[in-house]
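Me: I have a model open and would like to learn how to read its features. Could you take me through it?

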Amino acid sequence: MTNFSDEPYYKLSLTDMTIQPMEMKHAKQICEWQYDSPYDLYHWPSWDIMQQDGIEFGDPVLRHMQYVAVMNRGQELIGFAQFFPIVGVTRLGLGLHPALCGRGIGTDFTRLITREAIHRAPKNSIDLEVLTWNARAIRTYERAGFFVDDTYVRQTPEGPAEFHCMVYQSSP
């Protein structure tokens, strides 16, 4: 895989990204991603633990039903998305390769995933959860058409944390 951080200028547009089914090789790569602090809480367990415990995309059925890989034109993994079904709602989970964070592609990345959610369940509303301290992600989601609808505390592996629920509002 390309080390995106070695490239002096790497900015994808919406047309440079495609969605594909998440394969095991993609899931393994995502488990190796290392984010800088304070985003390091987004690390996944090792692939062996994910498979052994059937956690998220470590479960082949859940991976097939809810997860996708986002690829660049060179067919390199640049991110992933989860489309979590709730009655009348598609909740998004998404992650961008750590070396691509802060490079200005998050808005197009989020728009691509949102379009796919609409395609999969056109009658559903679309939302996502984001930690309230993650201003970078909140700005990105706002630019992609989401707004803060609710704020609440919920349990995380590190203890209770405050989240915004952001809802997608399509352009008129």
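Reply: Gladly; let's begin with burial in helix 4. Buried means under 20% relative accessible area, exposed over 50%, and partly exposed in between, with a 1.4 Å probe and protein chains only. By that rule, the buried residues of helix 4 include Asp108, Phe109, Leu112, Ile113, Glu116 and Ala117. This is a predicted model, where local features need pLDDT of at least 70, side-chain atom pairs count only at pLDDT 80 or more, and totals for chains, interfaces and linings use all residues. Residues are numbered from 1 along each chain as its sequence is written, and side-chain values use heavy atoms, with hydrogens and water left out.

Me: How should I read such spacing along a helix?

Reply: An α-helix has 3.6 residues a turn, so residues three or four places apart point the same way.

Me: How many helices and strands does the chain have?

Reply: Helices (H or I, at least four residues) and strands (E, at least two) are DSSP runs, numbered from the N terminus. The chain has five helices and seven strands, in the order β-α-α-α-β-β-β-α-β-α-β-β.

Me: What share of the chain is buried?

Reply: Of its 172 residues, 44% are buried.

Me: And what does the C-alpha trace span?

Reply: Along the principal axes of the chain, about 40 × 35 × 30 Å.
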